[in-house]
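Dear colleague,

I am passing on the structure below, and I would be glad if you could look through it with the notes that follow.

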Amino acid sequence: MSNVFKTRSLNVIEDFSINERRYFFKKVNELKNAIIENDVAKMDEFRINDPDFGIYEVFLEDSTRTKESFRNAANFHHTKVSELLSSSSSFNKGESYADTFNMLAGYQNSVFIVRSKVEGVTKWLSEETEEYAERNALPYRPAFINAGDGKHEHPTQELLDEFTFLEDNNMSFDSIHVALVGDLYHGRTVHSKADGLKLFDKVKVDLIAPEELAMPDSYVKKMKENGFEVRMFGSIEEYVKDNDIAKMWYFTRPQLERMGEKVLAKQATLRETITFRKEFLEALPEGTKFYHPLPRHKDHPTIPTWLDKTSLNGWERQAINGLYCRIVLISLISGKVGDDYIPVEADKKLEVEEEYIIEVEPSNTDKHRTYSEGIRPIENGIVIDHICKGDSPSEIRNHMRLISSVLAFDEGKGGEWVSKSQRDGLYKGIIFRPEARELGRKDLKRLAVVAPNATLNIVKNGKVEKKYRTHMPPRIYNFDDLSCQNDACISHPSNGEGVPAKFYRTPDGHYACAYCGKFHSFKEIWKKY
Ligand code: CP
């Protein structure tokens, strides 16, 4: 059986399925015990032991734990370990990420560990270097590990957090009740939990943060879609009055480096709401543990240092577990471990294939309906109906302008209007184009993307000859005029990396950027938006 982990990249925690993560934690447990018991033979089962196996660290943002635990993990493996010093690299001459990493891949390096403030960078690089490796007949396919990308994700931190939770949960996947406390807005480690905690069969999450630092809606939505019970509190003070307090508290520090000026100005007041105080101790259930991805601020720690020597301290073991988790992750990606993993059906990421423009039989009313262009009925042409039904007239007008531009209708004859349904009182938009050019397959996809849930009527000789209904396609790419709206995303035009935008439809009818995960409505994915 082939090793499914070999050469795999880890860009987001979902890149490893739940079953794969459960296997991973079993291996981490084995390695941890072997190291504690100094069982060298067992440790050797994990060791790559190849001085030509290249592991490259590229940290474009500061780090101690992630960078050093990976470096120590690479040393455990007796491999080649390199580090790119970005401050003296050709990044400063305007070199792109793709050119830089392709080059490093060519120098016999198989695993890249990358931290950057640019979101989705490892996802893009794993796609790019795969093509480079093929073009240059490299004997390996480079794998990428996201060591933290902006506000997006920190999947290896998620692995070590989950492992530590598991240890304190008797290695049971049955259920978990965890409080996430702190800067839930800017903190990437808590964003990874929206999918990471799916590891457990039953999940209850308490989100504790003031409004300015609250978990973004898209992650809350994702948690709920994943079946988590989610509750929200504005401060620890409010939370400790509740009668169902979690035994696991996961703190994060205020991410000052990612805050805007407005929030920074309020940092002292905000910090107060998420910092633990002595008076809260008595509210804690027996056996409570605190965790923290660290670092904590030396002047303003949200977990005060007087708690270090108490039984609440779970964060020190958590940080040490980082080394074990990262050793095993490299073992898996190198192919040293993982041969005995038995894949399950749920590991497969299914690419949904769906028709997004469906022909419907024109009703009798349709067949005899005439659409007027001014005062005259349209003889031949197209009519797009039911546009943005339920929106306000001004929103509908704005969007019809976008549709006309996206479908290059700007120059044609015809017009747009907004009408109010007599049946339900809702507004909808209608675009009519007499003598319009015939729409090809690509136009139809663009129409479905920019005007989902509309109808396209093909009018011939004054009658509706064909009628189609549009639906949101499951994925969109290969259109030059798309853009993610997150300026921290690798695919945002302002980053100048030339990464074409790509989106996936979410269960709640949004489009998530394939790189940074940002949710967009169908109106927001266009450069012209
Ligand atoms: N937890 C974590 O990512 O720490 P560093 O920033 O020190 O790597």
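A backbone N or O atom of Thr 64 comes to 2.9 Å from an oxygen atom of the ligand, and for Arg 65 a backbone N or O atom likewise lies 2.9 Å from an oxygen atom of the ligand, in what is, please bear in mind, a predicted model. Ser 63 takes part through its side chain, a polar atom of which is 2.6 Å from an oxygen atom of the ligand.

Helix α6, residues 155-167, packs with α13 at an angle of about 120 degrees, the axes being 8 Å apart, and the crossing is right-handed.

Helix α13, residues 315-334, also packs with helix α1, residues 18-36, at an angle of about 115 degrees and with 9 Å between the axes, which means that α1 is roughly perpendicular to α13. This crossing, too, is right-handed. On the α1 side the contact involves Tyr 23, Phe 24, Lys 27, Val 28, Leu 31, Lys 32 and Ile 35, which meet α13 residues including Tyr 324, Ile 327, Val 328 and Leu 332; the contact of α1 with α13 comprises 11 nonpolar, one polar and three charged residues.

Key
Residues numbered from 1 in each chain as written. Predicted model: local features only at pLDDT ≥ 70, side-chain atom pairs only at ≥ 80, totals over all residues. Heavy atoms only, no water. Axes fitted to C-alpha atoms, helices over the stretch in contact; angles between N-to-C directions. Helix = DSSP H or I, 4+ residues; strand = E, 2+ residues; numbered from the N terminus. Parallel < 35°, antiparallel > 145°, perpendicular 65-115°, else oblique. Left-handed = near helix turned anticlockwise from the far one by under 90°. Contact = heavy atoms within 4.5 Å. Nonpolar A, V, L, I, M, F, W, Y, C, P; charged D, E, K, R; others polar. Polar contact = N/O pair within 3.5 Å; in protein donor to acceptor, adjacent residues only side chain to side chain.
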